[in-house]
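Please keep the sequence and the structure at hand while reading.

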Amino acid sequence: MSRHVLSPAEFRNAIYLDFEGEGRKKDGTRPKPHMSGIFYPNEKGAGGKYESIFYKSLWRPATNGVRNAESVEFVEHFKSIAAALEQKQSYLVFWSIYENDVLKAFLPAHIYSRIEPRLYNLHPVTKKYLNRKHAFGLEGTAKGKTLEECFAALRTKRKPYPPFPLGAAEACRRIDTACTAHKKWRRFSDKQKSYVRDLVQYNEGDCRSTWIIAKRIGNYFALVN
């Protein structure tokens, strides 16, 4: 996994990834994620394209209720991502070590070995930047801070993305229940539809927050280095 600070052009050319799932079980095992968000920044400007990818075949009905959503098998999806990274000579950027751990755990070694040199964990360099700027006060530190906390400290004048009180893990469990009961999106209750849409909205916020932070980090270190 890359350790240097990417240039502004490399951050802009990158693909951004954020997983959602249930987290570790009580026995210590880590389930495969239910979904991920993928974000592609515009070549020019501040925006970009967001896609939601559902890995569980059970979730296929939910793709009909979400714009730019598709159901794809996990390994097949990352075979395509590996090819895109190689073609673009770009990086797969994510917020924390969790994404790397998931990829290493669930991808065959020959696919992970293609992706691994192009993985970029944004958290360490963000902590370095925020500590240098004393973003959490002279005695404070960015250690242990969440994506939401770091985004708020870095972009004080920007409205934060909406919180998700239910939590991603619980939303995933409730969507499992809805998809088990109903094979068509139109059969979902309004509440069940809201679980899907709110989870995707939350994930999109995390993807876009990661990109906004990356843009600031890239620009800053390009000037000071």
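The model is predicted. Helix 8 (residues 190–224) takes part in a contact with helix 6 (residues 147–154) and in another with helix 5 (residues 123–132). A further contact joins helix 2 (residues 74–88) and helix 3. The largest pocket holds about 390 Å³ of space.

**Helix 6 and helix 8**

- The axes of helix 6 and helix 8 come within 10 Å and cross at roughly 45°.
- The two helices, helix 6 and helix 8, are therefore oblique to each other.
- Helix 6 passes helix 8 in a crossing that is left-handed.
- On the side of helix 6, the contact is made by Leu147, Glu148, Phe151 and Leu154.
- On the side of helix 8, the contact is made by Tyr202, Asp206, Ser209, Thr210, Ile212, Ile213, Arg216 and Ile217.
- By class, the residues of the contact of helix 6 with helix 8 comprise 7 nonpolar, 2 polar and 3 charged.

**Helix 5 and helix 8**

- Helix 5 packs with helix 8 at an angle of about 65°, and their axes are 10 Å apart.
- Helix 5 and helix 8 are therefore roughly perpendicular to each other, since angles of 65 to 115 degrees count as such.
- The crossing in which helix 5 passes helix 8 is left-handed.
- From helix 5, the residues Val125, Thr126, Lys128, Tyr129 and Arg132 meet Ile213, Arg216, Ile217, Tyr220, Phe221 and Val224 of helix 8.
- The residues of the contact of helix 5 with helix 8 comprise 7 nonpolar, 1 polar and 3 charged.

**Helix 2 and helix 3**

- An angle of about 115° is found where helix 2 and helix 3 pack, with their axes 11 Å apart.
- That angle makes helix 2 roughly perpendicular to helix 3.
- Helix 2 and helix 3 form a left-handed crossing.
- Phe74, Val75 and Phe78 of helix 2 make the contact with Val102, Leu103 and Phe106 of helix 3.
- The residues of the contact of helix 2 with helix 3 comprise 6 nonpolar, with no polar and no charged residues.

**The largest pocket**

- The space in the largest pocket amounts to about 390 Å³.
- The largest pocket is lined by 18 residues, of which Asp18, Phe19, Glu20, Tyr202 and Asp206 are the closest to its centre.
- Two or more lining residues come from each of strand 1 (15–20), helix 3 (97–106), helix 6, helix 7 (168–181) and helix 8.
- Strand 1 gives the most to the lining of the largest pocket, with 3 residues.
- The lining of the largest pocket has 8 nonpolar, 5 polar and 5 charged residues.
- Tyr202 and Asp206 of helix 8 also belong to the contact with helix 6.

Definitions and conventions:
Residues are numbered from 1 along each chain as its sequence is written. This is a predicted model: local features need pLDDT of at least 70, side-chain atom pairs count only at pLDDT 80 or more; totals for chains, interfaces and linings use all residues. Side-chain values use heavy atoms; hydrogens and water are left out. Axes are lines fitted to C-alpha atoms, for helices over the stretch in contact, and angles run from 0 to 180 degrees between N-to-C directions. Helices (H or I, at least four residues) and strands (E, at least two) are DSSP runs, numbered from the N terminus. Angles under 35 degrees count as roughly parallel, over 145 as roughly antiparallel, 65 to 115 as roughly perpendicular and the rest as oblique. A crossing is left-handed if the near helix is turned anticlockwise from the far one by less than a right angle, and right-handed if clockwise. Contact means heavy atoms within 4.5 Å. Ala, Val, Leu, Ile, Met, Phe, Trp, Tyr, Cys and Pro count as nonpolar, Asp, Glu, Lys and Arg as charged, and the others, Gly among them, as polar. On a 1 Å grid over the protein atoms alone, a cavity is a set of points where a 1.4 Å probe fits but cannot get out, and a pocket is an open set with protein on both sides within 12 Å along at least five of seven lines; lining residues have an atom within 4 Å of a point. Grid points are joined across faces, edges and corners, and a volume is the space filled by probe spheres set on the points.
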